[in-house]
Every structure is written in structure tokens, then in C-alpha cells.
Amino acid sequence: MFVITISRQTASLGDEIAAKLADELGVKLITRDFVIDNWLSEIADEHDLHMLRETSKYYLRTAQNGQTYKEYIIERLKKEAEEQSLVVLGLGSQVIFKDYAHAVHIKVICSDKGRIARIKEKYNLNKEQAIRTLDLSDRKHRRYVHRLFDKDWENISLYHMSINTDGLDVKEATNLIMHLLEMKKENPQPLYKEHKEEEKRVSPRQDIDFVHESERDFAEILDMYNIQWEYEPSEFPLEWDAEGNIVLGFRPDFYLPEFDTYIELTTMKQKYVTEKNKKVKLLQELYPDVSVNIVYKKDYHKLLQRFGVNDVKEVEGDDDE
Amino acid sequence: MNNQKIGEKVFDKEEIQNRVLKIAEEINEDYKDKEPLLIGILKGSIYFLSDLSRQLKIDHNIDFLSIGRFQTTEGPREKVKITKDLDLSIRNKDIIVIEDIIRTGLTHSYIVKNLKPRRPKSLSLCVFLDCKEQRLVDLPIKYSGFEMDDRFVIGYGLDYEEKYRNLPYVAEFNA
């Protein structure tokens, strides 16, 4: 499931792009009108709905259900996003879904000249009237996001991509966004946490004091497949003395949280392997629900060869491992 | 073809065809009122997929996916990514991923992780050779042709430097 948020300048073709995207992807389009007609109408009377159409300040008011309209919209949007993919136009959705790994945030802009021309044509206005309309409308968009979310709507760091429709039509812009979406599907991560996550993935491996170089190589293979890992996160007590003090424990090398599985590499001399095998056997007896997989020296070297780590490339088949 | 590189036969043509027929019968039964989409992982799965498909009596579609590695300048030296994506949508469809061999399961965990967010109705794996002893992560393998040890084998889709895929049997590779 994914969410595409579209923020747009008035008459920038943002509305048309959002509609086309929803149509092409076969997903639900959520606009301000939809929210007012279908969601807010459940908790607001006619007067409230009128005010909600008119002023952003009203979204901070408490509704009949005890929530502010803003809180209610956020809750409904997030619930909807749990159930299906969405294209959301406006509503501060770029902020609401800023931490959402499967969201793509798009800003659609256009030069004043282009927007004025579109407004003139659409509403049959003269140039001055068109400028005034744009000014008022942009101000409303800006105020809504600032008032409700304390964010500057024009700050481009809120978006994955800004599209200038001066030189692009709706179809081209839609294709660009769909292309970006496909890329993000392969590497979902929230816009705001991007840098932190990058640091998390890259620097800890350099900072971690791996006991063996083989563990560093194995971490590299896991990174290659984008598999989350933790290095020696838990120690399992295996034997206790008469007083209940732990006298033997076992700390598997890696934990793969997505698979709830521990991995133990046994790449050292045989006499240590025997000792380690004993520990693993004990662990499996004492903690039958804990999944531990052991990689033996022979298998480990085959793994390195297959993945080309450390420039060892002897046997090359398909990419399947 | 360098026949000296082709070692002892591990599974002959007849054994393979019998096993493929058995798997097809299981799939025919399990998916009798459905129309699954078989996704072949390129290139190793093509022979297994085409034989299996021809033995299926139920309606089904076919698509292909390819995974490759590319160099990165930061972080891990190489990353895995999809080099040929599906042509068909898998949303609300019953998916059977077809693969020639699964060893550690790392590649296939990547594939499953990639396909699941596309919201298929169901997702299972069908593998020709299953190297269970080398498995590091759990995978939803529903159909398995043969269990395999850690020998390097060629034929029936499995290659050595892109050769020997077309052998109608599986044999050890003489390095």
C-alpha cells in the first residue's frame, strides 16, 4: 500500500495530475471536497461545514465527537491509508504522512505567467482579476498548512519531487510520479528519516567492533539484500550455579528482526565449533521458540564466493543464492 | 558444450518430469477455483516454469521478474534491485513465485518483501531444488521439487557462467 500526496499551486495542473494518477493506478483520490462531503459531514452541521469551507481556523475547533476537525481528518486519513492505497490532494497530507515509509510527496508548481493564462481561460477573467484570484487562493493554501501544521507549504524539503508544469503536460507529470513511485516501492523509507536511516545503515557497521572480519562481511551481504540486522543484541543464559548465578551464556552473532531469527557464524577452528555446537544445542533445548540458524565455515565461504564479497569469485551461477 | 564439466547426474529427465507432474497436480487441486499468476524468476526458472505451466489444467497467467546487483558508492559495496519488473498487476491475485533453486533464502526474502506491499491475495513459493540445510531465513515455500544438498549443480535452468541451462537433467558441475 502506498500514499501519494500532491500539494499544488493554484492552476498548476496539480488537481488534474492527482485525478489522472488515481485513475491510472486504480486507487482512491481524496480531496478537500471529498473530506468535507463524506467525513466531516458526519460530525459537523451545515453551519460548521460552511465555515470549514471558508476558513482554515475552523479546523482547530472541537467537533461534536470531542476531536478537533484537524484531528479527525488525520485519524481518518491514516485509517484509510492502512486499508488501501491513496492519492491525497492537499489537506496538509505531505505533513500528515511525513513519517510514512510508503508515501511519496509531490509538489506541483508553474510559473505565474502559465498559471495566469490558465485561470484567465478557465474563468474568463482579465489579467488583473486572474492575478488577484491566484494570490488569494495561494494564500489560503499556505495559511492552511501553516495554521494547522506549522509548516511552510513552499518549503521544498517537504517533498520528494517538485514538478514544474510549464514544460510538462498532465500525462508526462503523471508518468514521472508513477516512475518515482515504482522506485520508492523498492526502497520504502520516510522522507524525514532518510538521513537518519542512512546513517543507521552505514555508520554502525563501521563503528561496530566486530569480533571477526567474517562478521563484517556477513553484515555486508545482509545490507546488500536490505535485510535489517542487529549485532549480538541478546545473550541467552544457558547454565546456572546452585545459587542461580549464570555461569554459561550464549550470544548469537546476528539477529534478523524481520524474520525473528538469530544467525551464528562458526568460521573458526574445529575445537571451538564443537563447543559452540554444544551451546546452540543447549539454547534450542532451553528456548525452543527461539530460531537460530548456524552457518558453518564451509557454507560460509561458499556464501562469500557466491555473493562476491572480498573479491572471492570462483563459482558463478545465477544470482539466486 | 564442454562435456567434461558435466558431472554425475543428480536427477534425470524422467525423474524431473514425474516430479513436475506431481507438483502440477497439487497446484491444480489447491487452485482449482482460482486463476493464479505464476511469476518466474529469471533466468533459472524458465524451464521449470514452462514444463509446470504445460501440466496445469487450471487457468493461469505468467509473468517474469529479474533481480540483479549493482555497485554503490556508499554503504554496502553492492545492492540488489529489480532489473526487470512485472508487466502484470498482482493486486488481489493468487501469486506463485517459481524459482529453480533456493539456498539461504536471502534473495527470495527480498522478492517476497518487494511483492507483499503490492497486495496480492496470496503469495507462495514453488521451488525446483530446495537446499533446506543452507536456509537462513523462513520463506513461504509451498511446493518443492527436490531437496538438494550443497553441491553445485547445473542443468534444467541452472547455469555455470550462463551455460548448461538447457540440459534436460540436473548434474553435478565439475569445477
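**Entry 1: two helices of chain B**

Helix 1 (residues 13–30) of chain B packs against helix 2 (residues 46–55) of chain B at about 55°, and their axes are 9 Å apart. I note that axes are lines fitted to C-alpha atoms, for helices over the stretch in contact, with angles from 0 to 180 degrees between N-to-C directions. Helices here are DSSP runs of H or I with at least four residues, strands are E runs of at least two, and both are numbered from the N terminus.

The crossing of helix 1 and helix 2 of chain B is right-handed, that is, the near helix is turned clockwise from the far one by less than a right angle. Helix 1 of chain B makes the contact through Val20(B), Leu21(B), Ile23(B) and Ala24(B), and helix 2 of chain B through Asp51(B), Leu52(B) and Gln55(B). Contact requires C-beta atoms, placed from the backbone, within 7 Å. I find five nonpolar residues, one polar and one charged in this contact. Nonpolar covers Ala, Val, Leu, Ile, Met, Phe, Trp, Tyr, Cys and Pro, charged covers Asp, Glu, Lys and Arg, and the others, Gly among them, are polar.

**Entry 2: basis of the model**

I record that the model is predicted, that local features need pLDDT of at least 70 and side-chain atom pairs pLDDT 80 or more, while totals for chains, interfaces and linings use all residues. Residues are numbered from 1 along each chain as its sequence is written, with chains lettered from A and ligands numbered from 1 in the order in which they are written.

**Entry 3: chain B as a whole**

I listed three helices and nine strands in chain B. From the N terminus on, the elements run β-α-β-α-β-β-β-α-β-β-β-β.

**Entry 4: chain A against chain B**

I found 28 residues of chain A in contact with 39 residues of chain B. Among the elements of chain A that give two or more residues to this side are helix 8 (170–186), helix 9 (194–207) and strand 10 (261–266). The residues on the chain A side are 10 nonpolar, five polar and 13 charged.

**Entry 5: a sheet of chain A**

I traced an open sheet of four strands in chain A, with order 6-9-10-11 and mixed pairing; strands pair if DSSP finds at least two bridges between them. Strand 6 (230–231) and strand 11 (291–296) of chain A each have a single partner strand, so one side of each lacks a neighbour in the sheet. Strand 10 and strand 11 of chain A pair in the parallel sense over six bridges. Ile263(A) stands opposite Asn293(A) in strand 11 of chain A.

Notes. Two residues are in contact if their C-beta atoms, placed from the backbone, lie within 7 Å.
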